[in-house]
Amino acid sequence: MPSFNQSIFHPTVFFLTGIPGFETYHAWIFIPFCCLYVIAISGNGMILFVIITESSLHEPMYYFLSMLSFTDLGLCLSTLVTMVGIFWFNTREISFDACIGQMFFIHGFTLMESSVLLAMAFDRYIAICNPLRYATILTNSRIIKVGFAIVVRVTTVVVPLLLLLKRLSFCGSHVLHHSYCFHPDVMKLSCTDTKINSASGLAIVISTAALDSVLILLSYVLIIHSVLSIASPEERKKALGTCVSHTSAVAIFYIPMISLSPVHRFGKHAPPLVHTLIANIYLLIPPVMNPIINSVKTKQIRKAMVKIFLSKLI
């Protein structure tokens, strides 16, 4: 394999990585990945279609579920092109501008998912702790404002981070450790001072995903406190049952993220295979699992999907 250096390649071209050491089997390795992409795209697309077409699902809880499915769909599609190019066509090159564009969507949809999960936690808090005011608090206009605020938050956070990245110079290796462009991975390849970039990235993680996770945890502390005050065990079980799909979504989103961050910051000597596998799991597991969980655990979604399926079949 040729060495990738500045003397041979243009400095604004990066080289993405598949599965290190298994390049010969990339076409076969991508088959399970392809199945995961099909499940993620079809599953999230189906949930979006069901919520849009079924008037009985035009409620705040399902609006937030549709936001989650839209985010997962965008996150999945953000990496699909480069994954297909690497594993099936051995196309590893990506220009710096294309890399920046992919990072905008990957980090943008990731931050958007964290924000949507926080909004869903607030929805569950109002539904359980203050059910009589639920309809007056979460009106359609306010849900639209929440969606708009999430988009503004993503844009104002991600765009400056990527603009800071564009000022860097890359004069060493241009080989990335992932099958897509990821900010910490690209930043490490710079031969200029990256202290500002690193500090900005850390500040964004703390002020977004870390803050969101703390607020989600706080909302569930309040929810559990409210549920424990309910006398009937059946009512307690019913109240907690409405939170199952959301808590599952939170777990499958934050656990891979928590696993990936230490690997990037402290796993410099870890094998490249570890970086690649954790990174792919981080972006694929939530889009694959969320529609499965929502269709299984949310009775109304499941009934609407069966209704649509039977109507098409008849």
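**Figure 1. The annotated segment at residues 143-165 in the predicted model.** Over residues 143-165 the chain is 100% helix and 0% strand, with end C-alpha atoms that lie 33 Å apart. The coordinates shown here and in the views that follow belong to a predicted model. Residues 143-165 are listed by UniProt, in an unreviewed entry, under "transmembrane region", and the same record also lists 25-51, 63-88, 100-122, 202-228, 240-261 and 273-293.

**Figure 2. Helix 1 and the annotated segment at residues 25-51.** The unreviewed UniProt entry gives residues 25-51 as a "transmembrane region", and over these residues the chain is 96% helix and 0% strand, the end C-alpha atoms being 40 Å apart. Among the buried residues of helix 1 are F30 and F33, together with H26, Y37, A40, G43 and N44. Further along helix 1, I47, L48, V50 and I51 are also buried.

**Figure 3. The largest cavity and its lining.** The structure holds two cavities of 30 Å³ or more, and the view here is of the largest, whose volume is about 60 Å³. The lining of this largest cavity is made up of M61, F64, L65, M120, D123, R124, T242, S245 and H246. At least two lining residues come from each of helix 2 (60-89), helix 3 (96-129) and helix 9 (244-266). Sorted by class, the lining of the largest cavity consists of four nonpolar, three polar and two charged residues.

**Figure 4. The second largest cavity and its lining.** The second largest cavity has a volume of about 30 Å³, and the residues that line it are Y37, T79, M83, Y180, A279, N280, L283 and L284. Two or more residues of this lining are given by helix 2 and by helix 10 (272-297), and helix 10 gives the most, with four residues. By class, the lining of the second largest cavity divides into six nonpolar and two polar residues, with no charged residue. Y37, which belongs to this lining, is also one of the buried residues of helix 1.

Methods. Residues numbered from 1 in each chain as written. Predicted model: local features only at pLDDT ≥ 70, side-chain atom pairs only at ≥ 80, totals over all residues. Heavy atoms only, no water. Buried < 20%, exposed > 50% of the residue type's maximum accessible area, 1.4 Å probe, protein only. 1 Å grid on protein atoms, 1.4 Å probe; cavity = no way out; pocket = protein on both sides within 12 Å on 5 of 7 lines; lining within 4 Å. Points joined across faces, edges and corners; volume = space filled by probe spheres on them. Nonpolar A, V, L, I, M, F, W, Y, C, P; charged D, E, K, R; others polar. UniProt positions renumbered as here; feature names shortened; annotations may be inferred.
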